[in-house]
Structure formats: structure tokens, C-alpha cells
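Good morning, and thank you for making time for this presentation. I shall go through one structure step by step, and I ask you to keep it in view while I speak.

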Amino acid sequence: MFTNVRIKVLQFLRKNAKVIFLVVCIWAVVFLVNLFLKNYKPKMDLQTTYEPHTSVMDDTKKVPQKVSNQVEEMLDTYMKYVLEGNVESAYEMLSEECKENSFENKKDAFTTYILNKVGGAKRYVIQDYSNKGNTYIYQVKYTDDFLATGLTNTTYSFTEEKIVFKKQKDGTLNMAVGSFVDYEEIHNVAENQYLKVEVQAVQKFYSYEMYTVKMTNRSDDTVVIADGQEDNEIFLTLESKDVRSAMNVTNLVLKPGESTMQKMQFQKFYDNEDEAVSLTFGSVRVMEQYSGTENVSEEVRQAEIQNAVAKFSVNIPIKDKH
Amino acid sequence: MEKNKIQFSSTDKKLYIGVAIILLIVILAAIINARSRMNQPTIGDIDEVTQEVLENDKNQKLVAALQNMEEKDRMEYYFGMFLGYIEEGKYERAYDLLYSDFKNLYFPTLEDFEKYIPTVFTEMSDIAHENIERSGDVYILWITIADAIHGKPSDKKEMNIVIQEKDYNDFVMSFSVI
């Protein structure tokens with residue numbers, strides 16, 4: 001009788017072999033997955049709003065992991081030097097362009113800059129501010145170690161600057177402080193019988209552009225480029241036709257035959273895609289008689305302008321040579 | 001009487017071996033799991049339940065709660081935790097939450113901290129959170145603190161609380177010594 005039962009069981013097993021095998025497999029998978037999930041305790045990362053490598057200007061843009069690691073390492077080393085007072089080593093970390101354009105290759109100028117910018121700060125905090133192509137602009141805040149002081153007898157304050165990292169073809173990063181981003185040679189010339197103007201180069205800082213312009217008065221008269229008497233005497237035109245007036249030039253008068261070099265500063269953010277296309281001297285006056293603007297009556301000034309030998313504007317293209 | 005013999009075909013053998021291997025894997029996994037569980041104290045073994053297990057359990061629940069909080073709420077919770085220890089007289093636990101450099105600067109010993117506590121904190125403090133700012137991974141809270149039981153409105157004191165959160169329920173802090 002027992003043998004018959006065995007035979008019946010065996011027959012049942014043979015008949016339903018595939019189904020039994022499938023059921024055992026499914027049960028085993030469910031059992032193992034259940035066991036795994038029971039023991040699986042995922043570690044949730046700390047969620048904060050501090051994302052040092054996500055751009056403030058566009059939070060969809062993140063610095064690639066490889067670059068952000070390099071940035072952190074470089075800033076760590078640089079800040080270690082700065083906070084230790086090892087200014088020379090910190091200076092050597094800067095790109096050659098930065099040394100030249102921000103500090104005119106003078107270590108003393110860098111030392112002064114560090115003293116003003118960092119002062120007695122003991123901590124720094126980084127934040128990716130803006131990215132454009134292979135250029136990564138970080139905002140760095142310098143603060144006291146207020147975790148150590150608890151802000152006892154002091155208030156929360158900080159200084160900040162933009163530190164710019166440019167990825168090179170070999171994968172290394174160039175570092176620039178003082179908000180310096182870029183330098184480009186231009187050498188565009190506009191000239192007539194009275195005046196020759198050459199836009200030689202542009203230094204691009206994060207929030208402004210500085211054009212080096214050489215002007216030569218070719219006449220025997222006074223050439224007035226700017227003296228505050230006319231509108232739009234010196235301005236930069238952007239692709240959108242938006243114009244930016246010179247921030248640092250209010251008086252530019254050339255004596256007969258005089259040649260001068262001037263750095264002209266215009267507000268323009270580096271990450272603004274609206275590029276500069278031309279520099280314009282909007283109201284150049286060639287004057288036989290020029291008495292200036294101080295302590296001179298309006299009547300005299302207007303009379304001199306009326307008697308000007310020539311009045312014209314000069315437009316020097318910038319973008320096409322980039 | 002002829003004896004009935006059970007014949008196993010090749011397919012049968014493969015089936016049985018397959019099922020046996022699967023069952024073996026399942027049994028092994030179950031044994032490993034059971035062993036690892038046996039190494040942990042359980043609630044049932046009440047005599048063996050250590051304070052550490054209870055703390056871990058409490059900590060896990062706290063972490064789960066903190067994960068659902070915004071940063072501002074977490075910082076206020078951390079400061080509340082510090083204040084709670086003080087109000088309960090657990091000064092050492094409050095002291096342990098302080099940043100080491102801050103302790104070295106203002107309260108090198110627990111006794112120094114204990115002496116300071118009554119000058120600012122009371123058995124029940126009334127706290128108003130005025131503002132919060134983040135500087136990297138460090139948060140600064142602006143609060144006013146007053147004695148909730150005996151204080152007058154004019155006795156309110158302004159304080160800064162500085163907190164660095166390393167992970168959920170893992171933080172160090174300092175405060176403006178007033």
C-alpha cells in the first residue's frame with residue numbers, strides 16, 4: 001500500500017514536473033528578495049540646500065565631478081597657503097594671465113589684495129556661481145571661524161570674491177582670482193585725418209570688461225573725445241544693441257599731435273551671452289579753441305563747440321576679430 | 001510476490017537535483033539570516049536589552065523623523081535638543097554637543113559650562129527664532145531667550161546659535177556667550 005502511494009506521488013510529480021519546478025523557483029525568488037529587503041537598510045544622504053557645485057545662476061548646470069574634485073583640491077591647497085600667510089606659494093598657483101592682468105606681475109599687489117580680501121578670515125565656503133563653456137566661476141566667501149566663537153561679541157559678516165577655473169586642453173585647471181576671467185588681443189583700428197584709434201586688447205573680469213585703447217591726435221587742433229558736454233561720448237554696443245557707457249572715463253582731451261593710452265571700463269557680466277560688438281566715440285570734436293569745462297561759462301563752451309573744425313563719431317568693431 | 005520498483009528517469013533526476021539546489025540555497029540564506037539575528041539582543045530577552053539597543057532604536061526613529069524635516073526645522077530641533085538637556089539637568093550631554101574649539105575657548109571643563117548655565121538658561125526657557133542663515137554647511141540662528149516662568153519681557157536676551165550638521169542627528173554647535 002505504501003509503495004502504491006509512492007508510485008502515485010511519483011506519477012503526480014512526473015505529470016506536473018514543469019509546474020512544480022516553476023512554483024519552487026518563484027517561491028525561492030520571492031523568499032530571497034523578501035529576506036534581502038528585510039535586512040536592507042538604505043542610508044539616506046543628508047539633504048540640504050548647500051550644493052557647492054551647482055550653479056547659482058542656472059541650477060540645471062552642475063560642474064562635472066572630475067572638475068569639481070580638481071576645484072576642491074586646488075582651493076584647499078590655495079586657501080591653506082593663504083590662511084597660513086604663505087602668500088608666495090598661493091601666488092604661484094595663479095595662472096600667468098591672472099598674475100599679469102590682475103596684479104601686473106607684482107607679488108606685492110597680490111599680497112595687498114589678499115590682506116584686503118581675506119584679512120583675518122579663518123574659514124572659506126565655496127559655491128559654483130556660473131559656468132560658461134570650460135570656464136567655471138566660483139564664489140568664495142571668507143568668514144571668521146564662527147563655529148568656534150559662537151559669534152560671541154561679533155556679528156555675522158564675510159568678504160567674497162569670484163575665483164575662476166578654466167579647463168585646459170590637457171585636462172588641468174587654470175586658476176584666477178580677483179574676478180579675472182579672460183584676456184584677448186583685438187588690435188582693431190579706426191582712423192581719419194584727425195584721429196587714429198586702436199582698440200588693442202580686452203581684459204574680461206566677471207562683472208566688467210576693460211579695453212586698452214590707444215588714441216592719436218593727428219591734427220593741429222585739440223581733439224575732445226569726452227568732457228561730459230555731450231551724450232554718449234564713449235560707449236560699448238552689445239549684440240542686442242544695448243549700450244554701456246564707460247565707467248571710468250569722463251575727460252579725454254588730446255592736444256595737437258598727442259598720443260595716449262587709456263583703459264576703458266564697461267559694465268558687462270562675463271556669463272551674459274550678449275557679447276560686445278563695437279566701441280564707439282559718439283561725439284568727437286576737433287576744436288581750434290578749447291577752454292575746457294571748469295570755470296567756463298556755458299556761452300563760451302557752446303560757442304567753441306559751434307566753431308569746431310569737425311564733429312564726428314568713431315566706431316571700432318570688436319567682435320569680428322575675436 | 002513481485003516487488004514494485006520505482007524507476008527514476010533522467011528528467012526526474014534533473015528535476016529533483018534542480019529543486020534540491022534551490023531549496024539548499026534558500027535554507028542556507030535562512031540559516032545565515034537566523035544566525036545574524038541571534039547575535040543581536042531582542043526585546044523579548046528583556047534582561048539582555050542594553051541601554052545601547054534602546055538608544056539605537058530611538059536614534060533610528062529620530063533620524064527617520066529628521067529626514068522628513070526642512071533644514072530650518074532640523075536646526076531648531078537640534079537647538080531644542082541642547083536646551084532640553086539643560087532643562088533636564090543633563091549638562092554633560094549638552095556639553096558633548098558643543099564644538100570642541102568652542103569648548104576650548106569658553107568652557108574648557110564641564111564645571112565651567114555648568115557655572116555658566118544659570119546666567120543665561122533657566123529651568124524653562126522661552127525661545128523665539130528670529131532668523132536663520134546658512135554659510136556652507138554651517139547654520140546661524142538668531143534667537144531671543146527669556147525665562148518662561150519668572151521672566152519679564154524686558155529680560156529677553158538675543159543670542160546666536162551656530163550649528164554644523166554632519167549627518168542626520170550628528171551635529172556640533174556653539175552659541176554666543178552673553
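Let me begin with a pair of strands in chain A: β8(A) and β13(A) pair in the antiparallel sense, over 3 bridges. In this pairing, A:Thr222 stands opposite A:Met287 in β13(A). Please bear in mind throughout that this is a predicted model.

Which residues have the most contacts inside the largest nonpolar core? They are A:Leu195, A:Val223 and A:Ile225, and the core has 28 residues. The elements that give two or more residues to this core are, in chain A, β6 (195-205), β7 (208-217), β8 (222-226), β9 (234-238), β11 (252-254), β12 (259-267) and β13 (276-287). Which element gives the largest share? It is β13(A), with 5 residues. As general background, in soluble globular proteins, nonpolar side chains tend to be buried together.

We may look at one member of this core in detail. Setting aside residues up to four places away in sequence, A:Ile225 touches A:Met215, A:Glu233, A:Ile234, A:Leu252, A:Phe281 and A:Val284. Apart from this core lies another, of 27 residues, including A:Val63, A:Tyr78, A:Val82 and A:Phe103.

A:Phe103 leads us to a helix. In α5 of chain A, residues 96-103, the buried residues are A:Cys98, A:Lys99, A:Asn101, A:Ser102 and A:Phe103. What covers these buried residues of α5(A)? The cover includes α6 (107-117), β4, β5 (180-191) and β6 of chain A. After the helix comes A:Glu104, which has a positive phi, near 50 degrees.

β4(A) also belongs to a sheet. This is an open sheet of 4 strands in chain A, in the order β1-β2-β3-β4, with antiparallel pairing. Its edge strands, each of which pairs on one side only, are β1 (123-132) and β4 (173-176) of chain A. From one strand to the next, the twist averages 25 degrees. Within the sheet, β1(A) pairs with β2(A), residues 135-143, in the antiparallel sense over 9 bridges. A:Tyr124 stands opposite A:Tyr142 in β2(A).

Stepping back, how is chain A divided? Its domains are domain 1 (2-39), domain 2 (65-178) and domain 3 (182-321). The C-alpha centres of domain 1 and domain 3 of chain A lie 91 Å apart.

Chain B comes next. It has 6 helices and 4 strands, and from the N terminus on, its elements run α-α-α-α-α-α-β-β-β-β. Its division is into domain 1 (10-39) and domain 2 (70-175), with the C-alpha centres of these two domains of chain B 55 Å apart. Of the 178 residues of chain B, 17% count as buried.

Is B:Lys157 buried or partly exposed? B:Lys157 is partly exposed, because 15 other C-beta atoms lie within 10 Å, and a buried residue would need 20 or more. Leaving aside neighbours within four places in sequence, B:Lys157 is in contact with B:Val120, B:Thr144, B:Ile145 and B:Ile178. B:Leu24, by comparison, is 133 residues from B:Lys157 in sequence and 69 Å away in space, C-alpha to C-alpha.

Finally, how do the two chains meet? 35 residues of chain B are in contact with 30 residues of chain A. On the side of chain B that touches chain A, at least two residues each come from α1 (10-38), α5 (100-106), β1 (125-135), β2 (138-147), β3 (157-167) and β4 (170-175) of chain B. α1(B) supplies the largest share of that side, 10 residues. By class, this side of chain B has 16 nonpolar, 11 polar and 8 charged residues.

How values were computed: Residues are numbered from 1 along each chain as its sequence is written. Chains are lettered from A and ligands numbered from 1 in the order in which they are written. This is a predicted model: local features need pLDDT of at least 70, side-chain atom pairs count only at pLDDT 80 or more; totals for chains, interfaces and linings use all residues. Domain bounds come from an automatic or database domain assignment. A nonpolar core is a set of buried Ala, Val, Leu, Ile, Met, Phe, Trp, Tyr and Cys residues joined through C-beta atoms within 7 Å. A residue is buried if 20 or more other C-beta atoms lie within 10 Å of its own, exposed if 12 or fewer, and partly exposed in between; C-beta atoms are placed from the backbone. Two residues are in contact if their C-beta atoms, placed from the backbone, lie within 7 Å. Ala, Val, Leu, Ile, Met, Phe, Trp, Tyr, Cys and Pro count as nonpolar, Asp, Glu, Lys and Arg as charged, and the others, Gly among them, as polar. Two strands pair if DSSP finds at least two bridges between them. Axes are lines fitted to C-alpha atoms, for helices over the stretch in contact, and angles run from 0 to 180 degrees between N-to-C directions.
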